[in-house]
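Welcome! Below are a few exercises to work through with the model in view, each followed by a solution in steps.

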Amino acid sequence: MRILIAGAHGKTARRLVRMLVEDGHEVRGLVRKQEQTGDVEADGAGPVVVDLEAEEVEGGVGRAVEGCDAIVFAAGAGPGSGAERKETMDYGGAAKLVEAAEEHGVRRYLMLSAMGAGDPEGGSEAMRPYLRAKARADERLRSSSLDYTIIRPGGLTEDEGTGTIQAAEKLGRRGEIPREDVARTFAAALENGNTYHKTFDVLAGETPIPEALSRL
Ligand SMILES: NC(=O)c1ccc[n+]([C@@H]2O[C@H](COP(=O)([O-])OP(=O)(O)OC[C@H]3O[C@@H](n4cnc5c(N)ncnc54)[C@H](OP(=O)(O)O)[C@@H]3O)[C@@H](O)[C@H]2O)c1
């Protein structure tokens, strides 16, 4: 498949790019900074430079998605950003890509959401603007015509992956998960029809990833 990864220089995304390339996919890596294109190429993807928050972005996003079979939204404003960038990036960037996917006939869209986006008002005051933006992005995707999968991990860590997770529509507990296992979950979900039109939480766990996805 030809897959666009939005936020391709991110800590989860770089792992995912390398896994997808190893699986034989052709990967396009969307970044906003020219200086990151060398790393994207080193990971095995073709870089495309687009700032998802820029005003005059339509043409660029269209070019980025054109000819792709799937999109993974793995970008994010990051923990140091204020409420405004939650709106422009975490919601706006994701929504722009949903619209571009619809316009250009890209049917498959996987969203790297966050645990807690199902109930933003239940989050801490500091987390609420972020969770509200993630919730709106998920809602925009769910109300689209696309074959979506929305994956909501707990806190992301740099620990080594285990290849095993716990996944369910609602896990009902908080926790963490290594970025490597999140990336592997996306790689496994990409062509797994059982994940289409589903939204689910993921945490570190004991179930092999393919099995966890087939039980959803
Ligand atoms: N951290 C957690 O515990 C946690 C938990 C659950 C879910 N998540 C979500 O998981 C995702 C990945 O997290 P991560 O920690 O792996 O990501 P990360 O390392 O923070 O990477 C995010 C990437 O998004 C890019 N980006 C930011 N603004 C952009 C824009 N306007 N246009 C294009 N790209 C842009 C950043 O590029 P620059 O280098 O240019 O800034 C960065 O490479 C995020 O959506 C995050 O919200 C995080």
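## Exercise 1: The ligand shell

The residues of the shell around the ligand comprise 11 nonpolar, 9 polar and 8 charged. Here Ala, Val, Leu, Ile, Met, Phe, Trp, Tyr, Cys and Pro count as nonpolar, Asp, Glu, Lys and Arg as charged, and the others, Gly among them, as polar. Before going on, note that this is a predicted model, in which local features need pLDDT of at least 70, side-chain atom pairs count only at pLDDT 80 or more, and totals for chains, interfaces and linings use all residues. Residues are numbered from 1 along each chain as its sequence is written, and side-chain values use heavy atoms, with hydrogens and water left out.

Task: find which residues come nearest to the ligand.

Step 1. A residue is near a molecule or strand if one of its heavy atoms lies within 4 Å of it. Of the 28 residues around the ligand, the nearest are Thr-12, Arg-32, Glu-53, Ala-75 and Tyr-130.

Step 2. Look at polar atoms next. A polar side-chain atom of Thr-12 is 2.6 Å from a ligand oxygen atom.

Step 3. On its own the ligand has 910 Å² of accessible area, and the protein covers 84% of it (Shrake-Rupley method with a 1.4 Å probe; for residues, only the protein chains shown count as cover).

Step 4. H1, helix H4 (83-104), helix H5 (128-142) and E7 each give two or more residues to this shell. Helices (H or I, at least four residues) and strands (E, at least two) are DSSP runs, numbered from the N terminus.

## Exercise 2: Helix H1

Task: describe the span of H1 and what its buried residues pack against.

Step 1. H1 covers residues 11-22, 12 residues in total, and reaches 17 Å from first to last C-alpha, close to the 16 Å expected. The expected span is 1.5 Å times one less than the number of residues.

Step 2. Thr-12, Ala-13, Arg-15, Leu-16, Val-17, Met-19 and Leu-20 are buried in H1. Buried means under 20% relative accessible area, exposed over 50%, and partly exposed in between (1.4 Å probe, protein chains only).

Step 3. These buried residues pack against strands E1 (2-6), E2 (26-31), E4 (70-73), E5 (108-112) and E7 (155-157), and against helix H6 (179-189).

Step 4. After H1 comes Gly-24, with a positive phi near 95°.

Definitions and conventions:
Contact means heavy atoms within 4.5 Å. A polar contact is a pair of N or O atoms within 3.5 Å; within protein, one must be able to donate a hydrogen and the other to accept it, and residues adjacent in sequence count only if both atoms are side-chain atoms.
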